[in-house]
Amino acid sequence: MTTAQVSSGQTPSGRLSPGPRAKRTGGARRAERTRRALRTLGFLSPWLVGFSVFFAYPLISTVYFSFMKYDGFTAPTWVGLRNWVYVLQDSPFFWPSLRNMLWLVLVMVTCRVVFGLGIGLLITKVKAGAGLFRTLFYLPYLAPPVAATMAFVFLLNPGTGPVNTILGALGLPEPDWFSSASWSKPSLTLLALWCIGDLMVIFMASLLDVPKEQYEAAELDGAGPWQRFRYVTLPNISPIVLFAVITGVIATMQYYTEPLVAAKVASGVIGGSGQTFEPGYPDKSTLTVPHVIYNLGFQRFDTGAACVVAIVLFVLAMIFTGFLMRRRSGFMAAED
Amino acid sequence: MTQTTLSPLRKGGTAAGAATGRGTALRAARRRAVLRWIAVHSLAIAAALFFLLPFVFVFLTAVMSDDQALTRELWPHTWEWGNFATVWHTPGFLTWWRNTLLYAGLGTVLAVASSIPVAYALAKFRFRGRNLMMMLVIAAMMLPPQVVIVPMYLFWAKQLDLAGTLWPLIVPFAFGNAFTIFLLRQFLLTIPREYTEAARIDGCGEFRTMVRVVLPMARPAIAASALFHFFYCWNDYFGPQIYVSENPAAWTLSYGLESFKGAHQTDWNLTMAATVMIMAPVIVVFFFAQKAFIEGVTLTGVKG
């Protein structure tokens, strides 16, 4: 439904005027049109199949299962809104996961955008060894999330981790990081800041696109560095900032691997397959909405409740995707 | 701007120059330039430490002895290169490699091959519903995979009985990947219409125009999207957790690494050695294909 809303904001373009071909006979024109339509369909066919089988069909099933009681073994039975009531009222995990999401959106996304912009600015100012710095700043982004998370759980482990060793040597307080409910999300934020490479590159490219003349004009008017940033840089890159915020929010909605691996490794409750693990260690502080779907659907075999959470996630994600498409026409159109 | 031609290392202003007012102003400007140079580069070095030190500490721990890894010391007493061999010979480790290469390799080839014609049509054809199609691609790209995972799992596990194999991970990529389509289309839009029109006038069919004229020009974008896809699979944890967790013979590196830590509860040195071994190929490939990566990221964010 949000898709329809978005399409109304779109200008109808790409229609061919029938002009030059109006002379031809109706039959030839119809044949030509059919041929073109078939050709287009042929090129699009992988995606048409893929979209139907891997998005549309499961999405409809998700809605269907949200009204069913189904454990994956016995036949599904209709239970009306009972799954919805369970998730919204009785589930111990749903609301904490939403609260965590809010925290991550407000703090982690903000930190990432500010830090990414800062690093992007820095790299455009560096004269000596710019290539080396850029490579170094980008590299962590490529590290496999599981490996990066394991590395950070090790680096930040309260007992023997290098970070606390150094903090201790400097006489600073040594937080419990991933083992403490109040420090686990800041620890994840730190990890997210380490993997800032993609944002850095996007900001760097857009900063280099700001017209030089505007800086020169501002300087002639006596603008200092802060004023140049505020009145020249920021207006020029604001579409990219918005893009970074919205994609950041969407990424936060699917945030899965890092908090799960951190929670498992930090709690020490891992031992291969089949072992159940209370998600969100410590004290639900790293629980995200996708974890709740996994927990309900694949650990408790409560398909219906898992689908309810999936629908909530879908609606939230589509609202933000709608924003993205509305506010950044460049993302979509770019007509030839 | 102040960062003109002055080398920051050249000492500014002589005593004679300072005598005149102009000389003083010049010297002040020069001093500002030097100070700014120092400030920017010290900031950059501080940031570099933040990005580099985690790698360094992980590596140093990877070559520590078992005993030392339990202490707070940061520099290894002895360099235990054998830790890497120990990890390599851990049961299952080679299987994880094979599975990962299979998943990432096959998945990438399928995803790119099936996404090219779709991206081509979305960039070069004019047809009704094109904008709607494009919106569906973007929506699919943004959709959290967890939204459809429950029915997808039921489909693979109950209807096709393929849970525990790599098929549910690989096969979907044969039907176009939203991100790959998006990235390729962004690039194809930048290829001027004249090329395709010239080919058409020469009597080329659409398919031949795509293969012979456009794809050779799109090589950098294809390389970038292939790399991104390969690393997506390489890094994927969620997919393997859902589909192959019950069958250790089908685990991939990212999924296996975590269970590796479970089996070596206290051995941070071995865990970090395994971490290094999973990060290493990524880093090596990056050094060879830096340009493609950077171009790919830029294409996703800036174009238009």
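Is the crossing of H2(A) and H6(B) left-handed or right-handed? The crossing of these two helices is left-handed, a word used if the near helix is turned anticlockwise from the far one by less than a right angle, with right-handed used if it is turned clockwise. This is a predicted model, in which local features need pLDDT of at least 70 and side-chain atom pairs count only at pLDDT 80 or more, while totals for chains, interfaces and linings use all residues. Residues are numbered from 1 along each chain as its sequence is written, chains are lettered from A in the order in which they are written, and side-chain values use heavy atoms, with hydrogens and water left out.

**Two helix pairs**

Helices are DSSP runs (H or I, at least four residues), numbered from the N terminus. Axes are lines fitted to C-alpha atoms over the stretch in contact, and angles run from 0 to 180 degrees between N-to-C directions.

| Helix pair | Angle | Axes apart |
|---|---|---|
| H2(A), residues 26–65, and H6(B), residues 130–142 | about 50° | 12 Å |
| H10(A), residues 212–220, and H11(A), residues 225–253 | about 160° | 10 Å |

H2(A) and H6(B) are therefore oblique to each other, whereas H10(A) and H11(A) are roughly antiparallel; angles under 35 degrees count as roughly parallel, over 145 as roughly antiparallel, 65 to 115 as roughly perpendicular and the rest as oblique. Where H2(A) meets H6(B), the residues in contact (heavy atoms within 4.5 Å) include Trp47(A) and Phe51(A) on one side and Met133(B) and Leu136(B) on the other. The residues of this contact divide into nine nonpolar, no polar and no charged, where Ala, Val, Leu, Ile, Met, Phe, Trp, Tyr, Cys and Pro count as nonpolar, Asp, Glu, Lys and Arg as charged, and the others, Gly among them, as polar.

**Between the chains**

In chain B, 113 residues are in contact with 117 residues of chain A. The two chains bury about 10,000 Å² between them, 75% of it on carbon and sulfur atoms; buried area is the accessible area (1.4 Å probe) that two parts lose on being put together, summed over both.

Across this interface the rule finds three salt bridges, each a side-chain nitrogen of Lys or Arg within 4 Å of a carboxyl oxygen of Asp or Glu. One of them links the side chains of Arg72(B) and Glu174(A) (2.8 Å, N to O). Arg72(B) lies in the loop between H3 and H4 of chain B and Glu174(A) in the loop between H7 and H8 of chain A, so the pair joins two chains.
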